[in-house]
Amino acid sequence: MSEKLLIVKDLSTTFATAGGPLPAVDGVSFDLEQNETLGIVGESGSGKTVLSRTIMGLQPRTNVTVTGSATINGFEVVGASEKAKREIWGTEVAMVFQDPMTSLNPVMRIGKQIDEALRVRLGMDRAAAKARAIELLELVGIPSPVERYNAFPGQLSGGMRQRVVIATALACSPKLLMADEPTTGLDVTIQAQILNLLDELKERLKMSVILVTHDLGVVATRTSRIVVMYAGRIVETGNTRDVFYHHRMPYTRALLESSPKVSNLSHTRLTTIPGRPPNLLNLSDGCSFAPRCSYATDQCHLVRPPLQAADEPGHAFACWNPLPTTRGASSS
Amino acid sequence: MTDTRQPLLRVTDLTVTFGHHHHAVSAVAGVSFEIFEGETLGLVGESGCGKSTTGKALMRIVEPTSGTIELGGVDVTKQRGRALRNARTHMQMIFQDPISSLNPRRRVKDIVAEPIDCWKTVEGAERDALISDLLSKVGIDPQVYGNRYARQFSGGQCQRISIARSLAMRPKLLICDEMVSALDVSVQAQILNLLEDLKAEYGLTLLFIAHDLAVVKNVSDRVAVMYLGKICEIGPADALYDAPAHPYTKFLLGAALEADPDSPMHSQVLEGEPPSPMNPPTGCRFRTRCPNATERCANEEPLPQEMAPGHLVACHYPLSITRR
């Protein structure tokens, strides 16, 4: 299991806007093993969606510059032609988008939307594609798949539609499934169903999964590693347990502490992060979090901290004044 | 709760039905609850359970089909014209989408002043002072931002402006409908803390409607859980979360994700989806998904029964209240 499925190196995505270049993703590097689930966490505007779309090669054709490298199973996505990328979409990498209401064609039967990939990419004939599509619908837990094959998306609930979207993504057995906020907008009980389904499919189909989300609850128990993003950069990364329990970057701690917990007593005062995320058009040379950070020194405002290794293997953080290590204090 | 406190709001058998005859959807199907002065009642449930419709019916934004709403002892259900306008000054609502609930082409101070100018409660310099005070209270500097347009603000700031506007009439009851669900966690925490501060300062009573169980627990004294138009359980927040008596509440809590890798994974996941409110199940509305359902649940609608003081559950077979 040492072979890396995905290697991202110094990846940057910059949009040309009227207000100047906007670095949505800035020098991001990480990798992903086979059959691993990685979580990418961040608030809105942190670049997590742009990062996942850049890895897919889905950025717009104009007004965008991508540098660095992202290789999926040996295929370099950055700079590849549309035609070449079409060869890996579906079979190597597939994506589940956030909004199940809009990522399906409302006037096309759901069966046809799954068939499409099978017939075009795998060259199946009509009957074989239909049989496989029904199999996929069954796989994602849609009741009475034979009847549902002819249903329109509007006849299904949000949770069912997200299952259909997952079925289309799985049609060509991708090795990497990117799920961008797959459960945002779904009810909690439906969210639990979809996350369990993704877990189960990952094991059964031996896929790797990247779970992009703003919700720390989603990644806490579902991922083995986490990448925390802020203002387009990775500020902390490591094994899920290390990031949750032994984080060194003040932003990670602030993010964890500001989310209310079910186990808190009612009227627990929440810890807040003062201020707002920075304007990406007008970033300082220093740490992007420095203006909101209570530990910030002059150095933080002037020089950008690089990712440096922490005590645990694979754990790294970008901070000049990291939180003290909590190793030993809590033994887990 | 045999309480000596007076309920500020008493809702009895409230129903809201949309459409007629075969197309009738009973969004709220007989909901009763009280909110005591100075307390926060959380109302949770999944989408389509009727929690927002309940909030809107209290404000008479949608008309209740039957039932009564009493605010401070006065029946406001059938009020019209001037009397209704008067009653509404005591209740204000904050909506989910902070950006679309403010007019993008108006200045912030005019938005906040709107209710004051309608009612002419204060005028002239006193009015301007009040607006500046309200804006400072919610953390918006009136000198710097008062003349800006609503479109120039972020979601969190817009929600602050909405709060300032809702406080302008010094309401007794504030209805918050998913007011933080569109915000990032760091901003959400700021708004929730602000709400707690203002509640203490203005002596507000809150109905806090949300789908996020952790958020609701954080702000509420008592919590009501809705499923398909009915309240299935209501009780003190800590007790209800610690020991849910209704199977639905238990599933709902089990599905909530804690930001903690060591939190126990609940193997039991609620299967299926809520049935259509156009054709609700007979008897108990949760029986089609409930693992404990029997024939009795199909024939007989469970009535709210008291499990512990103030803790009511509408279930024939409530889970025994044992602390987790």
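Me: In which loop of chain B does B:L228 lie?
Reply: This is a predicted model, in which local features need pLDDT of at least 70, side-chain atom pairs count only at pLDDT 80 or more, and totals for chains, interfaces and linings use all residues. Residues are numbered from 1 along each chain as its sequence is written, with chains lettered from A and ligands numbered from 1 in the order in which they are written. Helices (H or I, at least four residues) and strands (E, at least two) are DSSP runs, numbered from the N terminus. On that numbering, B:L228 lies in the loop between β9 (222-227) and β10 (230-236) of chain B.

Me: Is B:L228 buried or exposed?
Reply: A residue is buried if 20 or more other C-beta atoms, placed from the backbone, lie within 10 Å of its own, exposed if 12 or fewer, and partly exposed in between. B:L228 has 24 other C-beta atoms within 10 Å, so the class is buried.

Me: What is phi of B:L228?
Reply: Most residues other than glycine have a negative phi. B:L228 is a residue other than glycine with a positive value, near 50 degrees.

Me: How is α3(B) oriented relative to α6(B)?
Reply: Axes are lines fitted to C-alpha atoms, for helices over the stretch in contact, and angles run from 0 to 180 degrees between N-to-C directions. The axes of α3 (residues 108-119) and α6 (residues 155-167) of chain B come within 7 Å and cross at roughly 30 degrees. Angles under 35 degrees count as roughly parallel, over 145 as roughly antiparallel, 65 to 115 as roughly perpendicular and the rest as oblique. Therefore α3(B) is roughly parallel to α6(B).

Me: How is α3(A) oriented relative to α4(A)?
Reply: In chain A, the axes of α3 (residues 110-122) and α4 (residues 126-139) come within 9 Å and cross at roughly 120 degrees. That angle makes α3(A), relative to α4(A), oblique.

Me: Which element gives the largest share of the side of chain A that touches chain B?
Reply: Two residues are in contact if their C-beta atoms, placed from the backbone, lie within 7 Å. By that rule, 42 residues of chain A are in contact with 37 residues of chain B. The elements of chain A giving two or more residues are α7 (188-205), α8 (216-220), α9 (240-245) and α10 (250-258). The largest share, seven residues, comes from α7(A).

Me: Which helix of chain B do the buried residues of α10(A) pack against?
Reply: Seven of the nine residues of α10(A) are buried, among them A:Y251 and A:L255. Within chain A they pack against α8, β9 (225-230), β10 (233-239) and α9, and in chain B against α7 (185-202).

Me: What is the radius of gyration of chain A?
Reply: The radius of gyration is taken over C-alpha atoms, and the globule rule is 2.2 Å times the number of residues to the power 0.38. With 332 residues, a compact globule would be near 20 Å, which agrees with the value for chain A, 21 Å.
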